[in-house]
Amino acid sequence: MGPPSPLDRASQVGLVFLKPTASQLKQLLAGTVIDHLKISLSRTLDFFHPLAGRLAVIQNDDGTSSFFIDCNNAGVHFIHSIAHGTTVRDILDPGFVPRIVSSFFPLNGSLNCEGLSNPLLAVQVTELVDGFFIGCTMNHVVVDGTSFYHFLSSWSEIARGMEVVSQPPILKRWFPSDIQPPIRIPLNLQELELDAYRLPPPQFRERVFHFTKEKIAELKEKANFEMGTHRISSLQALAAHMWRSIMLCKGISEDQETTYIILIDSRARLQPPLPENYFGNAVYDVGFTTKVGLLVGKGPSRAALEMSSTKTSRKTRKPGVSSRGGLQIPGWPQRPLSPTTFSRLLARLGSMYTEMTWVGGGLWQCVEACLTCVMGR
């Protein structure tokens, strides 16, 4: 079994801000930016209380395990650190991401299954010479990317002085009619050796590529023109362009297969649709496989069209007895689970069998997250 993929680890988002001016400081909820962020975060969690809990497990009599979120108010982690001599420009200007940036995030390398003891949300505020870097780490089992940014937007509203969030999270769960909770997972926690599945520090340098609005529009227009359609979206055109570019740079043999996996938000695609502010996980993955030679030779437009066709077909499917929006219930593993399989299984639970009930003041929830897309082979 290989090491965990990004889907098996916590999701991270970093935000960079300049230090407030003298007039802006007067608008804070407290005397300092750090205290202001603490207070506003605490008030935001009043609306997103599952994030202040922990994953919990019940060992069933049949040897299986059932997982839920215990809303025990154990709290989130809030860390204040100082990067002496580091400016905002030191973070944003270099072509490659400075290695120091990784230290601005809490719970680096944390696996989803470690939410049994680790906080589901951790925030680290690093004070720079002329600004602040806010690093947020959230357990993928709890939310998807849409809900992650929903939380960040709500925190921003409270930090700006609002008493309530404009889009309260919808915590009501949905379950297929033939699924009887609790979900029983064939898992023995004592058999998990998590250290064997931790990724070593990256050996490659990271770089962020910025695509302007105009360039993305150009890619979209070109893809639709070449394919004689108007269905290809901006995301599909950009994803296909990135896929082909990466294959060109890696110099892979033309007869080798390459797979691109994209996570799709299913809120509006289900019938009936989920609310836009449904908080949890509502994504499903779609994989596209082709020969490297076909991808490089025929260009990204054809790959973008395939992505568009798949998303369109998924959107029109109706829920069946064991599915919603065409998402079929997978078979359970018939062997002991590794951390990788465990995290993926929790992801599947979140995608297709999300439930929430009260257990002694605790809230049952099992979901998974991914922000955008993951490159496969």
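## Terms and basis

Two strands are said to pair if DSSP finds at least two bridges between them. Helices (H or I, at least four residues) and strands (E, at least two) are DSSP runs, numbered from the N terminus.

This is a predicted model, in which local features need pLDDT of at least 70 and side-chain atom pairs count only at pLDDT 80 or more, while totals for chains, interfaces and linings use all residues. Residues are numbered from 1 along each chain as its sequence is written, and side-chain values use heavy atoms, with hydrogens and water left out.

## The sheet

An open sheet of mixed pairing is formed by four strands in the order β1-β6-β5-β4. Its edge strands, each pairing on one side only, are β1 (11-18) and β4 (77-82). From one strand to the next the twist averages 15 degrees; angles run from 0 to 180 degrees between N-to-C directions, and axes are lines fitted to C-alpha atoms, for helices over the stretch in contact.

Strand β5 (residues 121-127) pairs with β4 in the parallel sense over six bridges, and Ser81 stands opposite Thr126 in β5. β5 and β6 run antiparallel, joined by seven bridges, and form a hairpin with three residues between them. Here Leu121 stands opposite Met138 in β6. Six of the seven residues of β5 are buried, so this strand is largely enclosed by the rest of the structure. Buried means under 20% relative accessible area, exposed over 50%, and partly exposed in between (1.4 Å probe, protein chains only).

## Helix α4

Helix α4 has 15 residues and reaches 21 Å from its first C-alpha to its last, close to the 21 Å expected at 1.5 Å a residue; the expected span is 1.5 Å times one less than the number of residues. Among its buried residues are Phe148, Phe151, Leu152, Trp155 and Ile158. The cover over the buried residues of α4 includes β1, α2 (33-45), β5 and β6, where contact means heavy atoms within 4.5 Å.

## Helices α5 and α6

Helix α5 (residues 213-227) packs with helix α6 (residues 234-250) at an angle of about 90 degrees, their axes lying 8 Å apart. The two helices are therefore roughly perpendicular to each other (65 to 115 degrees; under 35 counts as roughly parallel, over 145 as roughly antiparallel and the rest as oblique).

From α5 the contact is made by Ile216, Leu219, Lys220 and Ala223, and from α6 by Ser234, Ala237, Leu238 and His241.
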